[in-house]
Amino acid sequence: MELLIAFIVIVLLILFFVFCYYQNNKLDITEYELESNKVQRDIKIVHLSDFHSKPFKEVLDRTKELDPDIICITGDYINDKCRNKDKMLAYGKELVKIAPVYYITGNHERRLDRFEELMQELEEIGFNVLLNRCLKTDNVTILGLDENQADFSDYKERKKGTFKYKDMSEHFAELERADNFRLVLCHFPENFEGIKEMNYSQYDFDLQLSGHAHGGQWIMPFVGPLFSPGQGVLPKYARGTFGDRPKLIISRGLGNSEFPLRLFNHPEIVIVNIKKV
């Protein structure tokens, strides 16, 4: 009997670890289609977010297969312990072989003591590092925001409603002078319309891509996403889309940070197809 119980326990443990691995590594691809008269031709964007220092080989392989025109990375590419930095730099070199990469910081990179050094290294491997600046291509003008909402004390202030958000109006004013498709890269999805005077949805642009919320980490049936830093329990801006124009598309992300398990919330590649009309 004892041997039988031990066997059952071992089998259950194996099944549990297989289940956890599947939840953390089963890759979902979510596709969106937009129409615009501001692009000269159809454009495919692959949106990747929140690797958290995970050199995810399947993501690289699938991105190659998708053959995007541009790749957008919306922060937390490397975690706040700088784990796997060399591997992630090597991984980034492979990404830039596929398509131009446009990158913004997340809260994790902003906590690093050698932040500037990392930004230089990412530039050297070919990333377009956008820290509160616009970059114009023939089809798209991209504004990359560096909100620097990184400290754990910031989360406490946001929870109390006393956090002072940065005024990004000057950067949006620069973006609004662009005569092609206007794309915003922002790590924090709630900044789109979940904050008061400083919300980004008030500005004149086409699309915002964000991550950060990890889809709520756990997505429970009939309940939805459970938790996101900065939004708290049952976060609204954790996945999917909001608005029309401007529109927000949120990635559920690819890796994990402090909490090691996703539940019913697989890693996600987001594809945005912009069709010329």
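In this predicted model, strand S7, spanning residues 140-144, is largely enclosed by the rest of the structure, because 5 of its 5 residues are buried. Val140, Ile142 and Gly144 point one way from the strand, while Thr141 and Leu143 point the other way, and all are buried.

Strand S6 (residues 133-136) runs antiparallel to S7 and is joined to it by 4 bridges. Together, S6 and S7 form a hairpin, with 3 residues between the two strands. Within this pairing, Lys136 has Thr141 of S7 as its bridge partner.

The largest nonpolar core comprises 31 residues, of which Leu48, Tyr77, Leu95 and Leu122 touch the most other members. Two or more residues are given to this core by each of strand S2 (43-48), helix H2 (57-66), strand S3, helix H3, strand S4 (101-104), helix H5 (115-124) and strand S16 (268-276). The greatest contribution comes from H3, which gives 5 residues. For Leu122, the residues touched are Tyr77, Leu89, Tyr103, Phe127 and Val129, when residues up to four places away in sequence are not counted. Apart from this core lies another, of 22 residues, which includes Ile104, Ile142, Phe181 and Val270.

Asp80 is found in the loop between strand S3 (70-74) and helix H3 (85-98). The relative accessibility of Asp80 is 16%, and this residue therefore counts as buried, the cut-off being under 20%. The side chain of Asp80 is joined to that of Lys81 by a polar contact of 3.3 Å. With residues up to four places away in sequence left out, Asp80 touches His108, Arg111, Leu112 and Glu258.

Terms used: Residues numbered from 1 in each chain as written. Predicted model: local features only at pLDDT ≥ 70, side-chain atom pairs only at ≥ 80, totals over all residues. Heavy atoms only, no water. Buried < 20%, exposed > 50% of the residue type's maximum accessible area, 1.4 Å probe, protein only. Polar contact = N/O pair within 3.5 Å; in protein donor to acceptor, adjacent residues only side chain to side chain. Contact = heavy atoms within 4.5 Å. Pairing = 2+ DSSP bridges. Core = buried A, V, L, I, M, F, W, Y, C linked by side-chain atoms within 4.5 Å.
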